[in-house]
Amino acid sequence: MPTTTVKNVWKETWRLTYKRRLIIIGTIIMLSVVFTMPLFFGHIEKRPGTLINDPVLAAVPPHNVSVLIFAIIWGMVLLTLSRALYKPSIYIIYCWALIPITITRFITISIVPLAPPVGLIPLADPLTGIFYGQALITKDLFFSGHIATLTLMFLCLERRNDKIIGFLATIIVAGLLVVQHIHYSIDILASPGITYICYRLTRKFLDKDLVINVLT
């Protein structure tokens, strides 16, 4: 019985034409969408927005908890990556689901112009400069990309303990975003539902025989 290694798993996945093309095409589209973020966010940052009276934020004094938010999010990224190394389908689903989620964020942010919450403390994460550019972005509000990312990882992970960790990470970061006043509570509450819809539509798309027929 062959040993299950990362090399063997990906070799077997790469051998299947439709999966190979899903990985290549999905990665190209995902990166194309992601790397438009600096241009998009630079545009929305220049426009006026509406300030929301949020009683939840008003009740919580703002504090900088960037390091903890950073640690949880990137810890979840490493966990998901480690699982995807042995289960390429996790990467395929995450990659393809991230495309509609990001596009949906572009749409909702465009049609719901919001001003930064009172007391907002920018998240100090040097790695987000890859996607946001070097400018300070404070108006990428509805809906929360941080919670969308964590929710999507939770949905893609398969092991029970991983899902528990992903769920707790999402809940904790949601609370920390409120503490740092990075998002309005509505941005955070709406994110899991929208992310789930995008995820389910992606799963339905990927599960269709049509995808296999087109990509083989």
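**Exercise 1. Find which residues form the nonpolar patch on the surface, and which helix gives the largest share.**

Step 1: Look for W14, I24, I25, I28 and I29, which form the patch, with about 420 Å² of accessible area together. That area comes from the Shrake-Rupley method with a 1.4 Å probe, and only the protein chains shown count as cover. To join a patch like this, a residue needs over 30% relative accessible area and no salt bridge, and the nonpolar side chains (Val, Leu, Ile, Met, Phe, Trp, Tyr) must be within 5 Å.

Step 2: Helices here are DSSP runs (H or I, at least four residues), numbered from the N terminus.

Keep in mind that this is a predicted model, where local features need pLDDT of at least 70, side-chain atom pairs count only at pLDDT 80 or more, and totals for chains, interfaces and linings use all residues. Residues are numbered from 1 along each chain as its sequence is written, and side-chain values use heavy atoms, with hydrogens and water left out.

**Exercise 2. Work out how the axes of helix 3 and helix 6 cross.**

Step 1: The axes (lines fitted to C-alpha atoms over the stretch in contact, with angles from 0 to 180 degrees between N-to-C directions) of helix 3 (residues 37–44) and helix 6 (residues 88–111) come within 11 Å and cross at roughly 10 degrees.

Step 2: Angles under 35 degrees count as roughly parallel, so helix 3 and helix 6 are roughly parallel to each other.

Note on methods. Helices (H or I, at least four residues) and strands (E, at least two) are DSSP runs, numbered from the N terminus. Angles under 35 degrees count as roughly parallel, over 145 as roughly antiparallel, 65 to 115 as roughly perpendicular and the rest as oblique. Patches are made of residues with over 30% relative accessible area and no salt bridge: like charges are joined within 9 Å, nonpolar side chains (Val, Leu, Ile, Met, Phe, Trp, Tyr) within 5 Å. A salt bridge is a side-chain nitrogen of Lys or Arg within 4 Å of a carboxyl oxygen of Asp or Glu.
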